[in-house]
Number of protein chains: 2
Amino acid sequence: MQNTKAYIAEHKERFIQELIELLKIPSVSADSAFTKDVIAAAEAVKNALSHAGCDTVEICETDGYPIVYGEKLIDSKLPTVLVYGHYDVQPADPIELWDSPPYEPIIKKTALHPEGAIFARGACDDKGQMYMHVKALEFMVKTQQLPCNVKFMIEGEEEVGSDNLGIYVANNKEKLTNDIILISDTGMIANDVPSITTGLRGLSYVEVEITGPNRDLHSGLYGGAVANPINILTKMIASLHDENNHITIPGFYDKVEELSKKERAEMAKAPFNINDYQNALDIDSVYGEEGYTTNERNSIRPTLDVNGIWGGYIGEGAKTVIASKAYAKISMRLVPHQDWEEITKLFKTHFENIAPKGVTVKITPHHGGQGYVTPIDTIGYKAASKAYETTFGKKPIPQRSGGSIPIVALFEKELKSKTILMGFGLDSDAIHSPNEHFGVWNYLKGIETIPYFYKYFTEMKTI
Amino acid sequence: MQNTKAYIAEHKERFIQELIELLKIPSVSADSAFTKDVIAAAEAVKNALSHAGCDTVEICETDGYPIVYGEKLIDSKLPTVLVYGHYDVQPADPIELWDSPPYEPIIKKTALHPEGAIFARGACDDKGQMYMHVKALEFMVKTQQLPCNVKFMIEGEEEVGSDNLGIYVANNKEKLTNDIILISDTGMIANDVPSITTGLRGLSYVEVEITGPNRDLHSGLYGGAVANPINILTKMIASLHDENNHITIPGFYDKVEELSKKERAEMAKAPFNINDYQNALDIDSVYGEEGYTTNERNSIRPTLDVNGIWGGYIGEGAKTVIASKAYAKISMRLVPHQDWEEITKLFKTHFENIAPKGVTVKITPHHGGQGYVTPIDTIGYKAASKAYETTFGKKPIPQRSGGSIPIVALFEKELKSKTILMGFGLDSDAIHSPNEHFGVWNYLKGIETIPYFYKYFTEMKTI
């Protein structure tokens, strides 16, 4: 790759301006009030891909929002990179907490972004990170350095569960054939600590309902004599962790991968300051599974968290009632090899088993997804690592994320290919929150780094 | 007493209609949206007392809702009965479970009320039972049979802890001087098994708030690494009972009166069928403290129940959030000799002690009250017993209730008088629940029975 820095320096203002125009479109997939804007964003992406050099670009209709597909195939003997991203954004609420309007992007300097960051909904997640790939393609095509084939698949329903993407992928396996999938929808540790996300957790999300007496009762007349569904629910949930905060569901850990001491030692090299972490959250102590560090607890270990609980009288003041029903939403983050459907079944069986007489239990699975790992000894990872090393001057740290991107596991299942997660955002970029932003430096660094991935991947693949 | 039956028969329709008008006023003291209605209910009670024959009636302002005071003093040498009741009602939630609107009273027949019952919030607790006393007074005054002095004190904050009543009573001891206090705010065993409540449980009601991180967090990125306030809350609440359902708060049982075998054997004579009890509640088993029967668990034993719990995402679908805060409303029913303020302190100390690092705890006492016992060898009890025997043709059974009327202990302390609890409702009348109702037969039977209490009490007192 030649002239990357020079090309970016020359076109920098235009690159920023193009992204700003895309960010002005409020493509909120969760709210039907924005339907026209979501469609407009798909059109904008289509045009951008054409201008960047794709030979074929199409808007693929689905039962929901369309998928924008683009490709530039130069030689069937060369490898093919499939880029995935999304043009839809999270709702901007609570809108009153934004310092500037979410769809009127402005550039402001911050402590972590001294060269300025673009503030707008979607700036980082994922329009900004997706658009880096469009501009990287433009650079490679315009400078005649595209080393392999490339396909783009940019969807508009990532923030609402990607339901139609799954169908699209299953129906277009041939068209989507590729050697590696490239996604920028995660983050890195810091601008001077590049990292590549190598693992994502899976997810099982269930809702539980405990029913005791057939109606709400007066707690004076019945208190102590019948099973109170809320008390029972707290007892059942509490029992799901033992005194060392291990999860007590039989079989839950059976398929959990235990990392070697060496791997854990590698992970432990990531910069982490427990005091900063606690101070940022205003907590006097972290909490979690015995025997694991904070970074391990939220990445390589499965968890069980109550995401919501409700029952009885929750209004102002006091009401002496024993509720007929109590509810909770419970999610389990899973690690690779744990099958989310199997874990959901284990949860259901166990939770039904531990219910005492006097109550009935109903369990409704909400959704789930598999965890995912990219081994660091694959060509894809090595190529990405070398690309970061080239542009950052530092080897990136492999990092497991606690979050879930269910479609990554789906891609592996349907398309039989691995995914490389090259994120350029920071944790502090406030994705899903007010004042989302994306560093201008990060945006341009992404455009600079991505072509090297194409180069090294093609070289390693064709040796 | 003469012509009670005839008078009631003649005025029956009006008695019912007057109560229905009072029930139409949604006097919910717990919810400030109903402030005007609570005041309107006080006015309605004032007018009713005037019409019934009180010489003086006044609305006594407090820092909260007013107390309606009325009196008819016929001779200072005769005894004085002080009637207490309340015109406020519980909230109607969950409103969707009512078969008819809670403030549009209708009369429907039920299995236990073949002559019909009035369905409305407050029908039994306490507007219906309070209004029996107003109509009993009307009868005695109109037929010139009032045998003694009478005072009425009807408050509007019973369902929210009676805070201002305590101040009012302490400041008006002279005015409230009496020989016996009469309250109908309890129940009886069955229409053919009259009973008088001789014991009440005390109450300590607290709200707890657990705070973890200073903001809601993404459960993928933080799950497993920080204390989740909902999980912690369930663990803390669950630990408040041991495996035998004894309460684990240190010192909690220290002052609990242990009844003798003989007393427990007496209690066990009350008719009770465990299958009917379970069937009525649609439960396959009762639940409670080891070593005690159902009737003991809800009367002579203290309890701890969660009355409400909430935290995190409780809307439709799934949100992968770790909430910053979780809450619960917890009430403890206490037995005589347990001091509610002491128990509240024990709870607070213990609950703070069991909080793990990583969360903070805030405990807000809502209200409380002492338990109470009326010995059955007092004139008051004997007069009441004879009154029931006259109108029901059966001696009533003395019964300990699981409920609490905290002000009864307060009356004894401040006014040095005993209280007689002449309840005419049934357990199945669904007080505090959707579809609360009060039997028309019970309402009229109360109006018939109360004057005999005045008669016998005056006779026994003046012998």
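Tutor: Helix 3 of chain B passes helix 13 of chain B in a right-handed crossing, and this, like everything that follows, is read from a predicted model. The axes of helix 3 (residues 127-142) and helix 13 (residues 440-462) of chain B come within 8 Å and cross at roughly 55°. Angles from 65 to 115 degrees would count as roughly perpendicular and those under 35 as roughly parallel, and helix 3 of chain B and helix 13 of chain B are therefore oblique to each other. On the side of helix 3 of chain B, the residues that meet the partner are G128(B), Q129(B), M132(B), H133(B), K135(B), A136(B), F139(B) and M140(B). Helix 13 of chain B answers with Y443(B), G446(B), I447(B), I450(B), P451(B) and Y454(B). Sorted by class, this contact of helix 3 with helix 13 of chain B holds nine nonpolar, four polar and one charged residues.

Helix 3 (residues 127-142) of chain A and helix 13 (residues 440-462) of chain A pack at an angle of about 55°, with their axes 8 Å apart, which makes helix 3 of chain A oblique to helix 13 of chain A. Their crossing is right-handed, and the contact includes M132(A), F139(A) and M140(A) from helix 3 of chain A, together with I447(A), I450(A) and P451(A) from helix 13 of chain A. The residues of this contact divide into nine nonpolar, four polar and one charged. As for confidence, the mean pLDDT of chain A is 94, and 100% of its residues reach 70 or more.

Returning to chain B, an open sheet of three strands has the order 4-5-18, with antiparallel pairing. Its edge strands are strand 4 (106-108) and strand 18 (437-439) of chain B, each of which pairs on one side only, and neighbouring strands of this sheet are turned by 30° against each other on average, direction ignored. Strand 4 of chain B pairs with strand 5 (residues 117-119) of chain B over three bridges in the antiparallel sense, and I107(B) has I118(B) in strand 5 of chain B as its bridge partner.

Strand 11 (residues 303-312) of chain A and strand 11 of chain B pair in the antiparallel sense over five bridges, with G308(B) as the bridge partner of G312(A).

That pairing belongs to an open sheet of eight strands, antiparallel in its pairing, in the order 14(A)-9(A)-13(A)-11(A)-11(B)-13(B)-9(B)-14(B). The edges are strand 14 (360-369) of chain A and strand 14 (360-369) of chain B, each pairing on one side only, and the twist averages 20° from one strand to the next. Within chain A, strand 9 (residues 202-211) and strand 14 pair in the antiparallel sense over nine bridges, and E209(A) stands opposite K362(A) in strand 14 of chain A.

Key
Residues numbered from 1 in each chain as written. Chains lettered and ligands numbered in written order. Predicted model: local features only at pLDDT ≥ 70, side-chain atom pairs only at ≥ 80, totals over all residues. Pairing = 2+ DSSP bridges. Helix = DSSP H or I, 4+ residues; strand = E, 2+ residues; numbered from the N terminus. Axes fitted to C-alpha atoms, helices over the stretch in contact; angles between N-to-C directions. pLDDT = per-residue confidence, 0-100. Parallel < 35°, antiparallel > 145°, perpendicular 65-115°, else oblique. Left-handed = near helix turned anticlockwise from the far one by under 90°. Contact = placed C-beta atoms within 7 Å. Nonpolar A, V, L, I, M, F, W, Y, C, P; charged D, E, K, R; others polar.
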